[in-house]
Every structure is written in C-alpha cells, then in structure tokens.
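Colleague: I should like to go through the terms applied to this model and the values behind them. Please set each value against its definition.

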Amino acid sequence: MSEKNPARRADAVTPKTQVRDEVSVFVQKVGLMARPNAAEDGRLLFGMDATMSRQPTWDMAISLQAGMFEAIPKDAHLQVQLIYFRGLGECRASKWVLDSNALARLMSTISCQGGNTQIGRVFSHARDEHKRRRINAVIYVGDAMEENVDALCAKAGELGVMGLPLFVFQEGHDSRVEAAFREFARLSKGAYARFDSSAPQQLADLLKAVAAYASGGRAHLRLQSSGAARALLTQIEKR
C-alpha cells in the first residue's frame, strides 16, 4: 500500500520539553474535559492518522471539527472521543468529551510524527469501546494503508456485525488505498468519501454529516442539506 517518507526525529518536530511533558498534559486536559453525566448522548469516535504526511490536514481538521457540533439539533448531544496514531507504535485515545472547544484544545497539543499506519489498532479500540457502551459511528481520516488488508477487513466486518459503521474519509488519490477504504466502509455498513485538503468545505460537510448521524441516526442525517450528507446517506441506505 501507500508508502511514507522516512520518519524525522521527534525532537525535530516538537521541542524536547513538549515531548517530555506531552503525556502528562494530555491526561490532565482530557480528564478535565470529560462529562460524566451524558450517558444518553450520541457517541462518535474520531480516528485520525497523525503520521507526518497528515500535518496539513490535521491542522485543517482542528479548525473544522467544531463545525461537527453545529450539525446537531439543540435538543441532542454528542460525545466525541479522539484516537490517533503516529511515530513508532504510538496510538492514544482521549476520554469522551462534549465540548467542541475542548476537542480543539486536545487536538492542538498533538504534533504529527513520521511512522507507519496503525488502522488495526483504531478498529480494535472501537470494538472494545463499543462493547463497553454503544458507539453510534466511527470517523476515520487518512491517506495511506500499510497493514495487511485482509486482517483489517476482518476487523471492519466485526464492527459491521456489532452495528458500528465506519465513515472512512480518504485524502489523496491512491487507488489501492481507496479500494481498501471502500471495503472497510462496505463491511461495516458505513460509507466512504474522498476529500481534497485544498477544499476544506468538503471535509467540513463530511464531519457535520457524520456528527448528525451519530447524534440522531438517519433522521438527523436527512436534515443536512449538503451534497456530502446526501452521498453518505445514499451509501448507508444501500447496506
């Protein structure tokens, strides 16, 4: 599958003090963001490839993710958990948050680092979280796939059996990655879309559409007027 450039040293990307303190700051912040009284809210797992090639889109997603919450009716709520991977085997998940500003602050503490994809760990985390308490949808945003595609398809199919759809958004035009991402969406009874990092409105519309779906199912998704929302709905209804 799509190969990445060799990883740069982590301390060439972030100051040493930030690297040293990153884990403790991460834990402190997400602990303060969590809202324990939201047992009935919709839940959305937001997975992102944070390897080096993702830096431009990561920055864009920080500015766009607040728009996800704008798509939710005022009488509904949505919990979001961020999971990302980067570097040499690093894969981390936040606690569940309800506040768009909290999610933006969380994402702003994370810098992309070179490394291979760890999509399987995202899918496994989604499965385990869903077993503990229902997740309504998973977003995955990435541009590459360097793992065993059959193993990933098996995990995606397991999510589909559990009733947890994957909304897989691809940046770029790698045909092999597209084939894999489309299959993940099909097997999980979710949807696939491609976006262009030079046209941020595409990603904004996609994120809003999935947020609406996670907060209220197909009924809320139908309220979205964007072409992205209609395209996702069409795919879901065909599953």
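Modeller: Helix 5 is mostly covered, with 10 of its 14 residues buried; buried means under 20% relative accessible area, exposed over 50%, and partly exposed in between (1.4 Å probe, protein chains only). This is a predicted model, where local features need pLDDT of at least 70, side-chain atom pairs count only at pLDDT 80 or more, and totals for chains, interfaces and linings use all residues. Residues are numbered from 1 along each chain as its sequence is written, and side-chain values use heavy atoms, leaving out hydrogens and water.

Colleague: Which residues of helix 5 are buried?

Modeller: Among them are Ile 119, Val 122, Phe 123 and His 130.

Colleague: How do you know that the span of helix 5 agrees with expectation?

Modeller: The expected span is 1.5 Å times one less than the number of residues. For the 14 residues of helix 5 (residues 119-132) that gives 20 Å, and the end C-alpha atoms are 20 Å apart, so the two agree.

Colleague: Why is the pair of Phe 85 and Tyr 140 called stacked?

Modeller: Rings of Phe, Tyr and Trp (its six-membered ring) pair if their centres lie within 6.5 Å; planes under 30 degrees apart count as stacked, over 60 as edge-to-face and the rest as tilted. Here the centres are 6.4 Å apart and the planes at 15°, so the pair is stacked. Phe 85 lies in strand 2 and Tyr 140 in strand 4, 55 residues apart.

Colleague: What makes Ser 188 buried?

Modeller: Its relative accessible area is 1%, so Ser 188 falls under the 20% limit and is buried.

Notes: Helices (H or I, at least four residues) and strands (E, at least two) are DSSP runs, numbered from the N terminus.
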